[in-house]
Every structure is written in C-alpha cells, then in structure tokens.
Amino acid sequence: MGQVEAITQREIAADPEDVFDALADYSGTRPQLLPEHFSEYEVREGGDGKGTLVHWKLQATSKRVRDCLLEVDEPTDGQLVEKDRNSSMVTTWVVTPAGERRAKVVVTTTWQGAGGIGGFFERTFAPKGLGRIYDTLLANLAAHVEK
C-alpha cells in the first residue's frame, strides 16, 4: 500500500476571501459548483467551514463510487481540510493571493492506495481522473466568483 496524491490548481480573478467563502459555503454555494461526478449531496451538520459534516457520493469512474462523509476543518487562514470518516481520503483546499484581486486555489487529495497490481493502476490513473473532476469544480468556482 502506498499513498496516492492528486493535485489540481487554478488562478481565479477574484478576491481570495470571496473565493474561500464560496468554497467554505457547503450549504449554499458548494453544491452549485459540483460536477456530475457528485451525487447524494447533503449537509448533515454546520454548513459554513469548520465544523461542517457533509456527505456525498463521488463517482470517479463508471464502476468506482466512493461514499464520502467528510468532516471540515480550517486549520489556518485560507485552508479547508475535508477528512473522510469512511476512508483514509483527505482533501485540502488552499486559497492564497496571486496578485491584485486574484486568488490561487490548490486542491490536494491523498489516500492510502491498494497494494499489488491494483495499487499500481490506482496510483497511475486515479490522480488524473480526480484531477479532471476537481479541474471542472474549479472552473465552476471561477465562473461563480468572477462575475
């Protein structure tokens, strides 16, 4: 077993605070940003940043669906951490300034992958697939906050 990591980033033409607030708004904005790979979205506790408990199913491929129950934390300014209670998956969102009225968003997802040949394929292909999913989400985020 080895750790698998997927990283996606995007610069967005909006104030970093506005970008972060949109990402942290699990009860309002976040569900509007999700691509079709997410289903059964439900905020179970909180709804705004730290203390939120949110559920969704993530369909990474036609055969691979992950049932996620995520606890949200904000360990530092501009950072959201989503820890899945159902697996080792952790997704970290970092929003930093990138110039005047510009934000850089980096989303990093890590988890303990399978061993053997299955693990090889997981480490090889899963980061690319997850990267495409989060790239779509970041494009939706940009369209939302760049208005």
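I start with the ground rules, then move to the rings, the charges and a surface patch.

This is a predicted model, so local features need pLDDT of at least 70 and side-chain atom pairs count only at pLDDT 80 or more, while totals for chains, interfaces and linings use all residues. Residues are numbered from 1 along each chain as its sequence is written, and side-chain values use heavy atoms, with hydrogens and water left out.

Rings next. Rings of Phe, Tyr and Trp (its six-membered ring) pair if their centres lie within 6.5 Å; planes under 30 degrees apart are stacked, over 60 edge-to-face, the rest tilted. That rule gives four aromatic pairs. Take F38 and Y134: their ring centres are 6.5 Å apart and their planes stand at 65°, so this pair is edge-to-face. F38 sits in strand 2 (residues 38-45) and Y134 in helix 3, 96 residues apart, so the pair links distant parts of the chain. Helices (H or I, at least four residues) and strands (E, at least two) are DSSP runs, numbered from the N terminus.

Are these two buried or exposed? F38 is buried, at 10% relative accessible area. Y134 is buried too, at 4%. The cut-offs: buried is under 20% relative accessible area, exposed over 50%, partly exposed in between (1.4 Å probe, protein chains only).

Y134 has another partner. The rings of W93 and Y134 have centres 5.4 Å apart and planes at 80°, so they are also edge-to-face. W93 lies in strand 6 (residues 90-97) and Y134 in helix 3, so this pair ties together parts 41 residues apart in sequence. W93 is buried, at 1%. Ring pairs join F38, Y41, W56, W93 and Y134 into a cluster.

Stay with W93. R30 lies over its face, 4.8 Å from the ring centre. The criterion is NZ of Lys or CZ of Arg within 6 Å of the ring centre and within 35 degrees of the ring normal. R66 does likewise over W111, at 5.7 Å.

W93 also meets E82, side chain to side chain, in a polar contact of 3.3 Å. E82 is in strand 5 (residues 79-84). E82 is buried, with a relative accessible area of 1%. A polar contact is a pair of N or O atoms within 3.5 Å; within protein, one must be able to donate a hydrogen and the other to accept it, and residues adjacent in sequence count only if both atoms are side-chain atoms.

Last, the surface. I117 is exposed, at 62%. I117 is in helix 3 (residues 116-145).
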